Amino acid sequence: MSVSWNQNSFPLQPTDRRSMSSRGNRHTLTIRHVQQEDFGNYSCVADNSLGRSKKYMEVSGRPGPADFLSPPWSRSTESFNLTWKVESYPPLQEVRLLYRKLMMNETFQQPGRWHDVILTPAPRPPSEPLTHVMAFTLRGLQHSSVYEAIVQAKNRYGWNEVSDIFQFYTQRISSDIHSEEMQVASSTSRSGATSLHRNAPKSSAWSVAMTVLPIIPWLLAPLMGALLHGGTLFDRSKPII
């Protein structure tokens, strides 16, 4: 099997800063003291009697994508503290933060307009030569709302890829919670009223029963009197139809 390396589709040869090595099935390209001329698209091509395989990777001096560190739930009704990190060997020159509110209800979700914030990064501490951690507080937000944010960073080699969308939520105000409690109480009250209405026929049935029962002895009195005196309630000479 033969293995070759390419940069931007051109074959690579060993130099004082670049070397290739192989150990079993592991093949390695090592670049020391990386410079701007080393940036580009690299490919590794492997050939044997059964065919060819090729893999690609990019070497770039641009920053890596930003990762958000903030928890999604705010403790404030009108502000949110966004914190994120970006990995970059050269110092960051500029950071762009975009955020928007989501218009939501029970039937639809519609994003609002993006708000653009340009930030100048602070100098990176010597103890963290690679990772840049930044924070920014968004103010003037609406309570009980859902927002989205993305971040993009730039160093001397250019802009990185836009971060994944980060979704966060502002705190509800007490009146919202009280309103929900009132709605639940109102719903419970309506449910109870319906239950009482359904039970009403049972009360009516008992009222009717209590009204009819005292009448029954008056209906039985003539029958009992006739039996005691040997009489009859019907004229047996006439057929009963």
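Modeller: Ser 144 is partly exposed, with a relative accessible area of 34%; partly exposed lies between buried (under 20% relative accessible area) and exposed (over 50%), for a 1.4 Å probe and protein chains only. The model is predicted, so local features need pLDDT of at least 70 and side-chain atom pairs count only at pLDDT 80 or more, while totals for chains, interfaces and linings use all residues. Residues are numbered from 1 along each chain as its sequence is written, and side-chain values use heavy atoms, with hydrogens and water left out.

Ser 144 is not a glycine, yet has a positive phi of about 55°. Most residues other than glycine have a negative phi. Ser 144 sits in the loop between strand E12 (131-139) and strand E13 (146-155); strands (E, at least two residues) are DSSP runs numbered from the N terminus.

Asn 8, also not a glycine, has a positive phi of about 50°. The loop that holds Asn 8 lies between strand E1 (2-7) and strand E2 (10-11). Asn 8 is partly exposed, at a relative accessible area of 37%.

Two strands pair if DSSP finds at least two bridges between them. Two bridges link E7 to strand E8 (residues 79-87) in the antiparallel sense, and Asp 67 has Lys 85 in E8 as its bridge partner.

How values were computed: Helices (H or I, at least four residues) and strands (E, at least two) are DSSP runs, numbered from the N terminus.
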